[in-house]
Amino acid sequence: MAPPNSDNDIEISPDCDPILARPDPNITIVKGRGTVSNGISGRFDDIKRDVDGDWRDNSAEIDGPTRKIRTDVTIEAPKTIITFNKSPDIPFDRSINAYRGCEHGCVYCFARPSHAYHNLSPGLDFETKLFAKPSAAELLKHELAATNYAVRPIAIGTNTDPYQPIEKRYQITRSILEIMLETRHPIGITTKSDRILHDIDLLTDLAALQLTSVALSITTLDNAIARTLEPRAASPKKRLEAIRLLSAAGVSCYVNIAPVIPAITDHELEHIAAAAAEAGATGLAAIPIRLPWEVAPLFEEWLAAHFPDRASKVMTIIRSLRGGKRNDPRFFHRRRGQGPWADLLKNRMERLRSKYGFEKNRYKLRTDIFIPPDPHGQMRLDL
């Protein structure tokens, strides 16, 4: 069976030299998954355990190195659903995550380390052992009804994708959008999936009230790279088509080239910008790759598996971006980097925004028409 979203008809500009993966034949690659393994032990887990005579001592021999890895979903019952932050370098102060973990399997995902808090690996566990929050809409309605609630745009998709494949079954993101429309509350959405088109009816109504904007993350136009870098996300072609259809419906769309990976995807910036403009996107942003905590060894393992010919070069440039380290978590540095490579990226993006008339800020949403929901759950009659 072909990998999900394995379209091979992306049109790449003739002067764009696609870089095709050259896998190391000595490394076992799990088909359809982003990481090669569960990687190193998480900060809080018990993967580094003593041999004690149970079946786990020989699990690799029992299951085999190429065993099929299933996706499991655990229902979570949180007490609250809105997460507030005080980070000074991001344009929102609150967000909602309908799911923990993400089946898209993007190897670079900075949210991977959060799985360590569940005694799970940020590697394969992050993309195969998922958590869903079906009570999200009810919790949201209760929190929005609080007398001291102050309206600001809520962001979804900033940690794990709200339109990953399990959304088809659980419809949690759709239920959140229904509450947003009912209460006239602003919401910004980030995704890598054309599954967002399933909610185009709600998004169109929200956009007509200036209550939503959508950011599609496009890392590469090369299908060969996309299938290893973000194996279960929608193909680049499908994401561009989603931008085209959403824009035609009046929904403001932005493109995040995030992350930009040196020596693997950085040569594509101009071509992604051109494709985004042609599809109707109105904004463009780019963020160099970040490798916090357990993501760094997972990414290096991925490099060794898929790009052994340039792994050292990639990591050398990343260290030059991060002050000699693999990661720099400081505010205003983590999203930009430093040094000549970061300066070049900034200059290229400024020229592209100027060339295509792209905006930089995507959170220009209304906050003055909010109608608090009834705390007792009564339906409004004026919709």
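# Briefing on a predicted single-chain model

The chain has twelve helices and ten strands; helices (H or I, at least four residues) and strands (E, at least two) are DSSP runs, numbered from the N terminus. This is a predicted model, in which local features need pLDDT of at least 70 and side-chain atom pairs count only at pLDDT 80 or more, while totals for chains, interfaces and linings use all residues. Residues are numbered from 1 along each chain as its sequence is written, and side-chain values use heavy atoms, with hydrogens and water left out.

**The chain as a whole**

- Of the 383 residues in the chain, 54% are buried; buried means under 20% relative accessible area, exposed over 50%, and partly exposed in between (1.4 Å probe, protein chains only).
- The chain exposes about 18000 Å², and carbon and sulfur atoms supply 52% of that area; accessible areas come from the Shrake-Rupley method with a 1.4 Å probe, and for residues only the protein chains shown count as cover.
- Among contacts between residues at least 6 apart in sequence, 81% join residues at least 24 apart; contact means heavy atoms within 4.5 Å.

- Strand 3 (residues 94–96) and strand 6 (residues 154–156) run parallel and are joined by two bridges, with S95 opposite A155 in strand 6.

- Strand 1 runs parallel to strand 5 (residues 129–132), and four bridges join them.
- V73 stands opposite L130 in strand 5.

**Helix 12**

- Helix 12 (residues 340–356) has 17 residues and reaches 24 Å from its first C-alpha to its last, close to the 24 Å expected at 1.5 Å a residue; the expected span is 1.5 Å times one less than the number of residues.
- W341, A342, L345, R348, M349, L352 and R353 are the buried residues of helix 12.
- These residues cover an arc of only 135° around the axis, which puts them on the same side of helix 12; the arc is that of the directions from the helix axis to the C-beta atoms.
- The buried residues of helix 12 pack against strand 9 (253–260), helix 9 (269–279), strand 10 (283–288) and helix 11 (311–321).
- On the other side of helix 12, the residues P340, K346, R351, S354 and K355 are exposed.
- G357 follows helix 12 and has a positive phi, near 70°.

**Backbone features**

- Most residues other than glycine have a negative phi, and most peptide bonds are trans.
- The peptide bond from A258 to P259 is cis, with omega near 0°, and P259 is placed in strand 9.
- Q171, in the loop between helix 4 (167–170) and helix 5, has a positive phi near 55°.
- Q171 counts as partly exposed, at 34% relative accessibility.
- W293 has a positive phi near 45° and belongs to the loop between strand 10 and helix 10 (295–306).
- W293 is exposed, with a relative accessible area of 59%.

**The surroundings of L246**

- L246 lies in helix 8 (residues 236–248) and counts as buried, at 0% relative accessibility.
- Leaving aside neighbours within four places in sequence, L246 is in contact with I196, L197, I200, L203, V214, L216, V251 and C253.
- L246 and A281 are 35 residues apart in sequence and 9.3 Å apart in space, C-alpha to C-alpha.

Key
Two strands pair if DSSP finds at least two bridges between them.
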